[in-house]
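Here are my notes on the model you sent. They go from the whole chain down to single side chains.

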Amino acid sequence: MANKFVISLSPHVHSGDSVKNNMYGVIIALIPALLVSLWAFGLGSAIVTLTSVLSCVFFEWCITKYILKKPSTIMDGSAVLTGLLLAFNLPSNLPIWIIVLGALFAIGVVKISFGGLGSNLFNPALAGRIFLLISFPVQMTSWPQIGQISSYIDATTEATPLALMKMAAKGDATALDKLPDSLSLFLGSNPGSLGEISALALLIGLIYMLWRKIITWHIPVSILATVAVFSGIMHWIDPTKFASPLVHLFTGGIMLGAIFMATDYVTSPMTHKGMLIYGVAIGVLTVLIRLFGAYPEGVSFAIFIMNAFTPIINTYCKPKRFGGAGKK
């Protein structure tokens, strides 16, 4: 009897859709944030984004063709998506050679060395960002001001809202007074990484992906709700030291991470229960690192840590076998 079952590695798409369509669907969802970054940073945004995307595509093609001797996989959209997400986690004045190193680490080390799409334990773009942050902390925490559209390396820099929040958490009583209003943070008129400055643009992408059923609500909502509740409790305890929940939600990479990074098919849990556990844990870790850790931002490290726990969560939240008996 012919084998009619096809078993493959994740990600598994349970519909008439395809992995390729979903990858390009996420890319489309990132367009609003890309347009905002081009408006805010101009030349710097264009250089960083193009360098990151082209580097990721080149390294995937080169390694697959000449080292693994396998057919090219660059047309499935995953390399382009990795390049976009990596760029969105970088400042607009980052030197090209550093971006290329980040792309090589993301594609060559984190993705392909684990077996390629469907086998990687960590989100490649996220791991690339953490690698660069640890390796080049000065360059990765130099944030150009909004509006310098014709500047690149020589752009004037300033402190981000996250840096001010960290100063307040460490005891600077006047730091929170220097924060911009919530509307400015929501729309995207403050310094930061390319793709994180506008919460509005990222939420438009979330709505699009939910409408297309590319992702479900469980991970982004659980992360954002946990951050809001946890930071709200801390703000209630000491409003002079800890920023309000809205500032936490509209500042830094929390929206980018919750919507586009944590929802990666390969590195996130498979069941809805597992997704909620995963999201709550990311939210708690993000706020803990933001308030008490060494770095102003915590969402990258929080997602990276929980990527490692995803296999355990999948084991704990394993669904009942089809036709199997339930728990008594």
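**Notes on the predicted model**

1. The chain contains 15 helices and zero strands; these are DSSP runs, helices being H or I of at least four residues and strands E of at least two, numbered from the N terminus. The model is predicted, so local features need pLDDT of at least 70 and side-chain atom pairs 80 or more, while totals for chains, interfaces and linings use all residues. Residues are numbered from 1 along each chain as its sequence is written, and side-chain values use heavy atoms, without hydrogens and water.

2. Of the 328 residues, 52% are buried (under 20% relative accessible area, with exposed meaning over 50% and partly exposed in between; 1.4 Å probe, protein chains only). Among contacts (heavy atoms within 4.5 Å) with a separation of 6 or more, 74% join residues 24 or more positions apart.

3. Helix α4 (residues 78-88) and helix α6 (residues 124-135) have axes that come within 8 Å and cross at roughly 35 degrees. Axes here are lines fitted to C-alpha atoms over the stretch in contact, with angles running from 0 to 180 degrees between N-to-C directions. On the α4 side T82, L85 and L86 take part, and they meet P124, A125, G128 and R129 of α6.

4. There are 10 aromatic pairs (Phe, Tyr or six-membered Trp rings with centres within 6.5 Å; planes under 30 degrees apart are stacked, over 60 edge-to-face, the rest tilted). F242 and F292 pair edge-to-face, at 6.2 Å centre to centre and 70 degrees between planes. F242 sits in the loop between α11 (218-237) and α12 (245-250) and F292 in helix α14 (residues 272-292), so their pair ties together parts 50 residues apart in sequence.

5. Buried or exposed: which applies to F242? F242 is buried, at 6% relative accessible area, whereas F292 is exposed, at 54%.
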